[in-house]
Amino acid sequence: ADLGELNPSANVTFFGPGSAGNDDVFSVAYGRYYTVTGRLGWAMDRALWYVKGGYVNAKISQTAGDTDGGNLDPTDSVGISKNRGGWTLGGGLEYGLTPNWSVKVEYLYMDFSNASIGNLDGSNETYTFKDSVQTVKFGLNYRFDWGKAPVMAKY
C-alpha cells in the first residue's frame with residue numbers, strides 16, 4: 001500500500017468553432033492519493049524486476065465553465081471535488097545494496113475513468129473529464145530484521 005500527495009493541475013481553454021469570445025474553460029487538480037496493489041516479480045541476484053497493479057483512490061477537483069465575452073459566466077459553470085477510485089498498473093526495479101538497504105525506481109499509471117458534470121444553466125450541456133496520472137518514483141528502502149526466523153525442532 002502507498003499513501004502520497006499528487007500536485008499536478010491543469011487549466012485549458014477551448015475556443016469553439018466560429019465563436020467570437022465564446023469559449024469553455026476547464027481545470028483539474030489532484031491531491032492526496034492511496035494505492036493498494038500486489039507485486040509480482042523476477043529476482044536475479046540482488047535485482048528484483050516486478051510488475052504491480054491494483055486499486056487507486058485520489059482526491060480530484062474539477063471545474064468547467066463558459067466564458068461568453070471573455071468573462072466567466074457564474075450561471076454557466078460547475079465544479080466538483082471528491083475522492084474517486086480506479087485502477088493502477090506499473091512496474092519497476094528494486095536492487096539490494098546490503099541485506100537491509102535497497103533502492104528502487106518505479107513507474108505507475110493510474111486511471112480514474114471518466115467523470116461527467118452537468119451544467120448549471122439548464123442547457124443539458126455536460127462536461128466530461130478523462131482522468132489519468134502517470135508517476136515515476138525513486139525510493140530508498142530499509143528492511144527491518146527483528147530477529148531470526150523461527151527454529152523448528154527435529155526429533
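Strands here are DSSP runs of E with at least two residues, numbered from the N terminus. The model is predicted, so local features need pLDDT of at least 70 and side-chain atom pairs pLDDT 80 or more, while totals for chains, interfaces and linings use all residues. Residues are numbered from 1 along each chain as its sequence is written, and side-chain values use heavy atoms, without hydrogens or water.

**View 1. Welcome to the largest nonpolar core, built from 11 residues.** A nonpolar core joins buried Ala, Val, Leu, Ile, Met, Phe, Trp, Tyr and Cys residues through side-chain atoms within 4.5 Å; buried means under 20% relative accessible area, exposed over 50%, and partly exposed in between (1.4 Å probe, protein chains only). Among the members are Leu6, Tyr30, Ile60, Met110 and Val133. Strand 3 (23–44), strand 4 (47–66) and strand 6 (101–118) each give two or more residues to this core. Val78, Ile117, Tyr127 and Phe129 belong to a second, separate core of five residues.

View 2. Contact means heavy atoms within 4.5 Å.

View 3. Val103 is partly exposed, because its relative accessible area is 32%. Lys104 counts as buried, because its relative accessibility is 16%. Leaving aside neighbours within four places in sequence, Lys104 is in contact with Tyr50, Leu93, Glu94, Lys137, Phe138, Gly139 and Asn141.

Terms used. Helix = DSSP H or I, 4+ residues; strand = E, 2+ residues; numbered from the N terminus.
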